[in-house]
Amino acid sequence: MDAQSGERAVELAVDIGHLSHRFGEGETQVRALSNIDLQIRRGEVIILMGPSGSGKTTLLTLIGCLRSVQTGSVKLLGQELNGASELTLMAMRRRLGFIFQAHNLHKSLTALQNVRMGLEVHGESGLRDWRDACEQALRLVNLGNRLEFLPEKLSGGQKQRVAVARALVGNPDVVFADEPTAALDRENGRLVVDLFRNLADQRQTTVLIVTHDHRIMDVADRILKMEEGRIVEDLAVDAAVLAAEGGAMPST
Amino acid sequence: MTELLTRLLGRLPIGWLQLQHNRPRLLAAVGGVTFANVLIFMQLGFMNALFETSVMTHRTLDADIVLVSRDFRSLREANPVPRSRMYQALAVPAVAEATPVYLATMTWTDPETDDTTNFRVMGVVPYETVFLDESLREQTKVVREPDTALIDNRTRGLSPLIDQGLKERGEYLIESLGRRLTIRGLFSLGASFDVDGSLVVSEQTFLRLFPMRLPGTPTLVLLKCDPGADLDRVALAINDRLPERDTKAFTKQQFIDAEKNYQSSQTPIGFVFSFGVIIGLIVGLVMVYQVLSTDVQDHLPEYATFKAIGYAPRFFLGLIFEEALCLATLGFIPGILIAIALYALAGSATALPISMPWTRPILVFVSTAIMCVVSGAIATRRLNAADPADLF
């Protein structure tokens, strides 16, 4: 690897080449992803769009180390995931932040304790000054007054924001967010995506968002559109906005 | 509690918090473990009472070495020993004294109440030292008179009229086996599973009560050795000295152990109580498994989320085991309290010495903890269903 390509590899958070993925065997086999090439730089905010079944969830789970790569190459933060052991995948997941549409907060834990789970995974080092870090994460999402509330006492939007705080409290290198603003009102939706933008700008955190919420498109650097297991459009946001104003999205 | 567990575990006690969150389920699980504990405690209590009462008579005898028939298995069915063996044993160096003891059982029906009592009758030589208990030893002299007896005041269902008669007249008459016996005193021994109590009579009275028993055939011969004698070696020397091999010499401890061994391994009773303990453990295991597996099922999305975040499989095992040990502890506390109360109740109802030695709670707690952990280990199989890839 020469100096230039080495520098490029470090800059890239995600580097995907010829990635394909299928589910099932024989006649019931379904091809979820077909020959995908994609590079995402550190500090980029990417919005992933596409109809149901287009492959965006499969792509997200493969990059997020939640599935094993079958064909092709996925390099995440410089680590090749094709052929990686379960131990490696688990270690990589600790560098990531996940925000699920269904929140999946632990119903027996308070908001503060749920956020703490995002720190405890890092062991003793993650627990130093955990309370301050967790409180701060919850204040950032306007939940400083709900620290000791159980999820059943929180609204859908508040739960979503606790899930955001849990994902971000461990300072992840890459954040995966599935419809993070679906349960939020305009104000809080804006608060969360601005948080993503700030992390990307200030900490070089890479953010991948799956969303259908057109109100937050402006926060992204690029918008990817998927159809039938392929990336059919990859647009810089300025171009997308321009294209939308013009009535069409130019392909790259 | 949460704070304490957090300090102990060095992490959030999620298992405890989960249990605490669903109170009805927690109560059901604790109830199940408590029930299993009570069942195990009661089985062990009865089993221990069986063993202890089966050697109660053995313990009260003042002997270093005991001669019994070669085929001895239990006092209840011991065959007689030729009296001549007593004299042969006395010829062994270090054997100082010897006395025969005759044993048989006798049924007495109280004419006042029609209640039947099954006695172990011990025929002894009144001027010899047979018992360790000082008051019993003193009273043995009383039975020199023909057809007199001492009665065990801890006999199961003992008529209060006997005690009253002894206080008022110094004697009480009973009739059994076609003979009249005058009760002249009380001693304290206790009931067992096979007899309600004991009577002490003289050798001569015994032979009148049981005319089929020959004078030269005692059930036991009690030997006392010189102070400082090596009892094991003396017993071996006696066994070598007895040519016909019809009699066996036991040290007193061996005599007790032989009886216990018979009760535990040769009778169905020992098996039944051991089986009861196992059933208790299985009941607890099934109930704890039900609770833990339902709990795992209910929290699969959260566990999948923790897997996605990067928690290792050992974290989930620790979580389930934490729940299992919490249940074991919470179920044990009411379990032991209920068992202590039931011991007192059963002891007074059966006249059996059902006690709680300090080792038993430890044994039961460890068994319960193992039972809960095994339940937890089985329940963890459901964790495999928590696939983080399904979360998106």
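Biologist: How many residue pairs are in polar contact across the interface of chain B and chain A?
Modeller: The rule finds 10, with both residues at pLDDT 80 or more. A polar contact is a pair of N or O atoms within 3.5 Å; within protein, one must be able to donate a hydrogen and the other to accept it, and residues adjacent in sequence count only if both atoms are side-chain atoms. This is a predicted model, where local features need pLDDT of at least 70, side-chain atom pairs count only at pLDDT 80 or more, and totals for chains, interfaces and linings use all residues. Side-chain values use heavy atoms, without hydrogens and water, residues are numbered from 1 along each chain as its sequence is written, and chains are lettered from A and ligands numbered from 1 in the order in which they are written.

Biologist: OK, which side chains meet in a salt bridge there?
Modeller: E302(B) and K107(A), at 3.3 Å, N to O. The count between the two chains is 1, a salt bridge being a side-chain nitrogen of Lys or Arg within 4 Å of a carboxyl oxygen of Asp or Glu.

Biologist: And how much area is buried between chain B and chain A?
Modeller: About 2,600 Å², with carbon and sulfur atoms giving 64%. That's the accessible area (1.4 Å probe) that two parts lose on being put together, summed over both.

Biologist: Switching topic, what about the area buried between domain 1 and domain 2 of chain B?
Modeller: About 590 Å², 68% of that from carbon and sulfur atoms. On the domain 1 side, T53(B), A351(B) and L352(B) lose the most area to domain 2, together 57% of what that side buries.

Biologist: How many salt bridges between those domains?
Modeller: The count is 0.
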